[in-house]
Amino acid sequence: MPDTITKETQTQTSREVVQQCIDALNRGDAAAFIGAFSDDLSFRMPGSTPVSGETKTLQEFITLVEKVAGYLDVLITIKVTNFIACGEWVVTESKGHGVTKKGQDYNNNYCHLWQVRNGKIVKFVEYNDTDLIMKVLCA
């Protein structure tokens with residue numbers, strides 16, 4: 001029974017950490033958003049766009065986030081449509097909205113995979129419409 005309680009506790013912690021991170025993103029609280037991630041964060045966004053790639057540290061991730069923000073006049077917010085948590089792992093499906101520097105709405109769909117340990121996000125993977133990134137965000 002203790003293993004079940006531990007898994008349930010970890011699931012709840014993971015759910016809370018990810019929800020707080022998403023809430024921080026949506027209210028534009030960069031410090032709280034970045035604060036949700038561990039210093040050794042592993043991030044991956046598959047694709048060949050100018051903002052795709054892998055990072056192995058929080059500082060590298062921040063640099064990539066700043067690169068994305070450089071294309072935007074209105075930063076991306078996300079509305080989660082599915083939220084699944086089990087142990088260290090959380091999966092979210094969401095719809096995002098931002099506005100590019102050229103005034104175009106940037107509405108992408110996302111699937112995010114999050115891994116939480118010791119109250120911090122240690123792994124973050126983003127799947128999205130890379131064609132939309134090229135046609136709208138990075139156009």
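User: Before we start, what does "exposed" mean here?

Analyst: Happy to set that out for this predicted model. A residue under 20% relative accessible area is called buried, and one in between is partly exposed. To be called exposed, the relative accessible area must be over 50%.

User: Which side chain of opposite charge is nearest to glutamate 126?

Analyst: Glutamate 126 belongs to strand β7 and is buried, yet it has no salt bridge. A salt bridge would need the charged atoms within 4 Å. The nearest side chain of opposite charge is 12 Å away, and it belongs to arginine 44.

User: Which side chain has a polar contact of 2.7 Å with that of glutamate 126?

Analyst: Good one to follow up with. At 3.1 Å, the side chain of glutamate 126 makes a polar contact with that of histidine 112. The 2.7 Å contact joins glutamate 126 to the side chain of asparagine 128.

User: Which element gives the most to the lining of the largest pocket?

Analyst: That pocket holds about 680 Å³ of space and is lined by 34 residues, with Leu25, Phe33, Val65, Val68 and Ile76 nearest its centre. By class, the lining has 25 nonpolar, 5 polar and 4 charged residues. With 7 residues, the element that gives the most is α3.

Key:
Residues are numbered from 1 along each chain as its sequence is written. This is a predicted model: local features need pLDDT of at least 70, side-chain atom pairs count only at pLDDT 80 or more; totals for chains, interfaces and linings use all residues. Side-chain values use heavy atoms; hydrogens and water are left out. On a 1 Å grid over the protein atoms alone, a cavity is a set of points where a 1.4 Å probe fits but cannot get out, and a pocket is an open set with protein on both sides within 12 Å along at least five of seven lines; lining residues have an atom within 4 Å of a point. Grid points are joined across faces, edges and corners, and a volume is the space filled by probe spheres set on the points. Helices (H or I, at least four residues) and strands (E, at least two) are DSSP runs, numbered from the N terminus. Ala, Val, Leu, Ile, Met, Phe, Trp, Tyr, Cys and Pro count as nonpolar, Asp, Glu, Lys and Arg as charged, and the others, Gly among them, as polar. Buried means under 20% relative accessible area, exposed over 50%, partly exposed in between (1.4 Å probe, protein chains only). Lys and Arg count as positive and Asp and Glu as negative; His and the chain ends are not counted. A polar contact is a pair of N or O atoms within 3.5 Å; within protein, one must be able to donate a hydrogen and the other to accept it, and residues adjacent in sequence count only if both atoms are side-chain atoms.
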